[in-house]
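Here is a short report for a first look. Start with the view below, then read on.

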Amino acid sequence: MPERPELVFARTDGGAVTDLEEYVARGGFVALAKARAMEPDAVIAELEASGLRGRGGAFFPTGRKWAFVPKPDRLAKPHYLVVNADESEPGTFKDREIMLRVPFRFLEGCLIGAHAIAAKHVFVYIRGEYEREFEVLRSALEQMHARGDLLGDVTIVLHRGAGAYICGEETALLESLEGKRGQPRTKPPFPAIAGLYAAPTAVNNVESITTVTVVFELGAEEYAKVGVEGSTGTRVFSLSGNVVRPGNYELPHGITLRELIYDVGGGVPNGRSLKAVIPGGSSTPVLTADDIDTPLDFDSLVRAGSSIGSAGVIVIDDRCCMVQLGIRVSQFYEHESCGKCTPCRVGTRWLTQILQKIEDGRADQSDLDLLLSVCDRILGTCLCPLGDSDAIAVASYVARFRDEFQEHVHLGRCPFEGASSLEGILAPSALHGAHGHEHEAVPA
Amino acid sequence: MSAELVTVTVDDRTVQVPAGTGLVETAQAAGIEIPVFCYEPRLGPPVGACRMCLVEIEGMPKLQAGCTLTAQDGMVVRTAATSEKAARGQESTLEFILVNHPLDCPVCDKGGECPLQDLTFRYGPGTTRMRFSKLTVEKPIPLSPLVALDRERCILCYRCTRFSEDVAADGQLIARNRGAHTEIATFEDEPYRSPFSGNVIELCPVGALTSTLYRFDARPWDIQSVPTVCAGCAVGCNVSATIRENKVKRILSRNHPEIDRGWLCDKGRFTYPSLRAPDRVTTPLRRGPKGLEEVSWDEALDTAEELLRSSAGAIVTALSGSETTEIAFALAKLLRQGLAAHSAVLPEATSNALDAFRAPLSAIAEAEIVVVVGDDPVVERAPIVDLWITQARRNGAAVITCSPMGDVRVPPGAATELCRTLAAPGNELGERLRRAERAILVWSGPGGGGGARLAELAHELGLDERPGSGAFHLPATPNGRGVAAAWSAAADADETNPEPIGLLVVSGDEAAADPSVRALAERAERVLVSTMFQGLATGWADLVLPGTGALEREGTMVNLEGRVQRLRRAALPPCPDELAWISKLAARFGVDVSPHAAAVYAEAASHLYRDLDLEEIGLRAQLPGRAPYEAPPAATTPAPEGPLAPSDERFVGELRLVRAHALFTGPAVERVDELRFQRPPAEVELSPADAERRGIATGDPVQVRSNGTSVALRARVNRRLIEGVARVPDEHAGDLHAAVEVIKA
């Protein structure tokens, strides 16, 4: 069993701390006091020293992101901290557990962030479907309001989304928060300069913000000792798919896939064998069973040809047809494409159609080439990463499981012949609910 | 403040542009095209949606959307011409765009003038790899009686929604659904009712938004374009008339950046079918025993001569502000020089005193503060000015309207008083205007001496000293100033009011439709009318001479800025024009009037425009410089602002009637069925308090009554309207007097 230092979930005894008195009794808001006693620049320096990098998927250094926000004397506009709690990446469900179990540690991080970037307003954009999480945060905020000293002159606003994956993209989130259609903006200008209401804005993920509290609880130096070089600290991994004990596990960066899946997760159930792993949410390239000893940290996963992404680890056993998996993933992105830029709007749908043709056994060799060509043409030409995500995922399935795709073409049918099962592997996009139009039924 | 120059290399060509120049313009400066669909700087910041402009930038791993970048010093840019990667990127974009595009170019109105067609030929793939059924949807969808939407052709560049959202700021067009099912629609599928709706047709880079008036009417290769000027209002937007077989088929913008920035209102764009109205007068008509009867031109001229000779000394002329300066000058020469008939009813003219505050309309966009006074909303008098003001607001200007429905609510007719208040020291708004470096004043309503009161205010505030400032009067007619100036320049004698009137000469449709001119005719023994439409002459004219429309005229007009602009004949009129018969008639009275507009112009210009040469006006007229301030004649005793005072004051109603000036009104608009939905509804607007007192709610049928006369209308409660006012569109106000009562029917 690997060592499991609990930092984000520290002092919860495996449960939730939703009572303010209890949180304070267990050492809560000490980090905030510590941070508030420091100059904003020193807070940012401490974060830089901790090596904390964004947990939303892009792994951008949190301290550096905050350093980009101009000082109030340089840009005389309100400054905003926006927290991205619109967790919707398939295979990722860590932020909801953080909000449910350590709402005060999260809100404490919001206040530290507000101090660091001189923001008087914090907006938490929370996924609309997260009803319970919203209620927990609301209750926590109410308790904090009752104690005037905690919030100070900072206002924290909880804003519920309306069910769009794209609003997890930071600029689309800002548009949505402003009351507009949730579509990404072009960058530059970056949110740090012109974000919410064209004012300097930092946008951070829930886990990142919560970890900010951890850094000030432990001190940067102590924090940086956890994990591996380049990927310090712990990570809340969402383990799902064909695994005995799915769930969220806080583990230090650098543990291997094998440790996570077998030692922590209990391995693949029912004596099945491991076929593939998606290590960082549905948008990251797939790995094969051969990659099982890859450490889960930023650099190692890049070397393995994938990415740590949002640390949503999806385990896939040998019943899974990779073409069907491609359809499921591509349908998700097609369904969630906002429609603003051409390659994503058209390309994601086209990919699904080609994949379906392959699965149906109607494809010839040229369709396989076309599939990769369309992936290639989406990649790097879109306004935001959504289209890329589809192309990267699908292209990786072809790259790693070329023979399986080829077999579909040669046989003129799916080699699994109905024996394939995607049970437990991501949810079909039809289950995400139709938004504004009838969606075609998803083949089982 | 001039920006520093930066050096950029585009496809191995080096070019210097001011820092901050967009990459599309930078490449253009180097003579290189970066193709675009969604990029349109007039719609605000770039959105980077279509991905047509992908270019390679040295040092950046991925292709970049050129439209979203600005020139940086040392930037090295490669377009499709020199970068295989960029070429593939652009080809990919076109391939994606064409995946669901129906490729029905042979039956598409846009075919032949379609950016999608052009760019596909230049950058696109020659064949398709798409083997699935294209997305199909119902089409065409009528967004309004004027605009049809074909969603299959739409490439979702969002130009139309951005226009609606950011330029017209009417929030009417939206994108709904998402992904491949994203579609353009009107909010809640209501008709697209905006004075500016036609602009989205021109903005559309494909054949998705088309004009219902032009659909299937012509092909780009069998049309001609004639550059002229719109005579719909006093803005004088620069337009291009599409002509096929001597018929005006369409009006497009010709973008004068200082006047219209390439936008037109729907009145200017869609009124041309009135040229072919069923009641168009094409031959002279004379009153006979059975009403108006066609007569030959010789007979008509004989009759006209007889009318004029027999009424010598008792002739009054009513002129329309939509006449060209040349027609007014020619008519004035005939009547004033030939017959000493100096008495005239002239259209409302702009005061010369405003020349001291002259500025291009585009200056409004750069203003810090814009103050609008007067009873009419700007959009109803000079729609494009409204867009400039919207732009100013977007640029951060404070825009303050002072009207019965304004931010500052003042009673109708109180604008003159308001100007005096603003000029008084210590007035808060006045002080803001004094402090502002760039302040704009606008008079939007009747009265006020054609902006004279506004000029006094502007002078008091010192705007003549500030180049970024300006003061504008929005007259009710397109060329009131030119017509009035031409009339007075043609002779020196003073006006004498003949009584009784022997002959009333009515020139043009506006005058012919004007109730006060009709009232004057009651006092005239005989009436000669020059008009386009028989409906305007029936019942009161003794002789009708056919009139022409602005699109059929050569000549000049003076717009509300004081800019002399040139009209060009886009289509031949179906009859000899005004100058032809005025010239012939003038000869019979020994007056020399040329039938050629250019010759009349040359003569008039020596009096009016310091010999400004016709050729000098050019396609995009220049604005003359400011004149030194000359105090206008002081306000006469309470000038009747707005409607004429009621002749019978015995009846005292409780509400003051405001006859609202509506944009979509007038004889030409009335003759275009497709514009009917834009015309003002038969409604009376009341303030919430006045409505409540009377137990009236929006939608209730009501009677609006004044002494001896009554009109049935529907009520609308207008939360912005000041108390004590009943606001009725002029065309629905009938004979109502100035004081009215509104009673629930």
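## A strand pair in chain B

Strand β24 (residues 524-531) of chain B pairs with strand β25 (residues 543-546) of chain B. The sense is parallel, over four bridges. Two strands count as paired if DSSP finds at least two bridges between them. Strands (E, at least two residues) and helices (H or I, at least four) are DSSP runs, numbered from the N terminus. Thr531(B) stands opposite Pro546(B) in β25(B).

Helix α8 (residues 325-339) of chain B packs on the sheet. Helix α8 of chain B touches β16 (315-319) and β23 (501-507) of chain B, and its direction makes about 170 degrees with that of β16(B). Axes are lines fitted to C-alpha atoms, for helices over the stretch in contact; angles run from 0 to 180 degrees between N-to-C directions. Residues are in contact if their C-beta atoms, placed from the backbone, lie within 7 Å.

## The whole sheet

The open sheet has seven strands with mixed pairing, in the order β15-β14-β25-β24-β23-β16-β17 (chain B). β15 (291-294) and β17 (343-345) of chain B stand at the edges. Each has a single partner strand, so one side of each is left without a neighbour in the sheet. From one strand to the next, the twist averages 25 degrees.

## How the model is made and numbered

This is a predicted model: local features need pLDDT of at least 70, side-chain atom pairs count only at pLDDT 80 or more, and totals for chains, interfaces and linings use all residues. Residues are numbered from 1 along each chain as its sequence is written, while chains are lettered from A and ligands numbered from 1 in the order in which they are written.

The pLDDT is the predictor's confidence in each residue, from 0 to 100. Chain A has a mean pLDDT of 94, and 96% of its residues reach 70 or more. Over residues 433-444 of chain A the pLDDT is below 50. Beyond near neighbours in sequence, this stretch has 16 contacts in the model.

## Chain A

Chain A holds 19 helices and eleven strands. Along its principal axes, the C-alpha trace of chain A spans about 70 × 45 × 35 Å. Among contacts in chain A between residues at least 6 apart in sequence, 71% join residues at least 24 apart.

## Where the chains meet

The contact takes 25 residues from chain A and 29 residues from chain B. On the side of chain A that touches chain B, α15 (322-336), α16 (342-359) and α17 (365-378) of chain A are the elements that give two or more residues. α16(A) gives the most, with eight residues.

How values were computed. Two residues are in contact if their C-beta atoms, placed from the backbone, lie within 7 Å.
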